[in-house]
Amino acid sequence: MSHTTYQVIVQGKFAPLDDQQRATLRAQADEHDVFSARFTEEGTVTYQRTLHGFAFRVLVPAEEEDSEALVLSKAEELAAVAVRKLGAECGDLRSVATDLASIKVRRKGR
């Protein structure tokens with residue numbers, strides 16, 4: 001069995017937020033701005049103070065025979081868990097994945 005890793009970006013919207021959830025998310029917004037975005041196995045959530053939506057970046061290890069749909073499903077579940085940890089729910093998830101093994105690096109000749 002061969003292993004690979006996918007880099008996944010999940011975008012979504014926050015479920016309707018009450019005043020307390022809005023206050024909590026806004027208080028943490030500086031910790032979740034785009035400059036904190038990292039691809040890690042735990043994933044990172046970023047959002048703006050407007051609280052319209054969020055992005056979640058994550059690395060998903062997979063077996064070569066795992067489908068992209070399975071990888072996206074795993075990433076979306078991790079995104080939902082991360083948003084719940086922030087005190088909110090989410091929906092309207094859209095994801096895109098890149099198999100890191102498929103990226104070709106072209107070196108310039110010296």
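The secondary structure of the protein chain comprises two helices and four strands, where helices (H or I, at least four residues) and strands (E, at least two) are DSSP runs numbered from the N terminus. The model is predicted, so that local features need pLDDT of at least 70 and side-chain atom pairs count only at pLDDT 80 or more, whereas totals for chains, interfaces and linings use all residues. Residues are numbered from 1 along each chain as its sequence is written, and side-chain values use heavy atoms, with hydrogens and water left out.

From the N terminus on, the order of elements is β-α-β-β-α-β. The C-alpha trace spans about 55 × 35 × 20 Å along its principal axes. Of the 110 residues in the protein chain, 35% are buried, buried meaning under 20% relative accessible area, exposed over 50%, and partly exposed in between (1.4 Å probe, protein chains only). Among contacts (heavy atoms within 4.5 Å) with a separation of 6 or more, 64% are between residues 24 or more positions apart.

Strand S1 (residues 3–14) pairs with two strands, S3 and S4, pairing requiring that DSSP finds at least two bridges between the strands. With strand S3 (residues 53–63), S1 pairs in the antiparallel sense over 11 bridges; Gln 11 has Ala 55 as its bridge partner in S3. Strand S4 (residues 90–99) also runs antiparallel to S1, to which eight bridges join it, and Ser 95 in S4 is the bridge partner of Val 10.

Ser 36 lies in the loop between helix H1 (19–28) and strand S2 (44–47). This residue counts as partly exposed because its relative accessibility is 23%. Leaving aside neighbours within four places in sequence, Ser 36 is in contact with Glu 31, Thr 44 and Thr 46. The C-alpha atoms of Ser 36 and Thr 46 are separated by 7.3 Å, the two residues being 10 apart along the chain. A polar atom of the Ser 36 side chain lies 2.7 Å from the backbone oxygen of Asp 33.

Both Asp 33 and Thr 46 also belong to the lining of the largest pocket, together with His 32, Val 34, Tyr 47, Gln 48, Thr 50, Leu 51, His 52, Gly 53 and Arg 57. The elements giving two or more residues to this lining are S2 and S3. By class, the lining has three nonpolar, six polar and two charged residues. The volume of the largest pocket is about 160 Å³.

Methods: A polar contact is a pair of N or O atoms within 3.5 Å; within protein, one must be able to donate a hydrogen and the other to accept it, and residues adjacent in sequence count only if both atoms are side-chain atoms. On a 1 Å grid over the protein atoms alone, a cavity is a set of points where a 1.4 Å probe fits but cannot get out, and a pocket is an open set with protein on both sides within 12 Å along at least five of seven lines; lining residues have an atom within 4 Å of a point. Grid points are joined across faces, edges and corners, and a volume is the space filled by probe spheres set on the points. Ala, Val, Leu, Ile, Met, Phe, Trp, Tyr, Cys and Pro count as nonpolar, Asp, Glu, Lys and Arg as charged, and the others, Gly among them, as polar.
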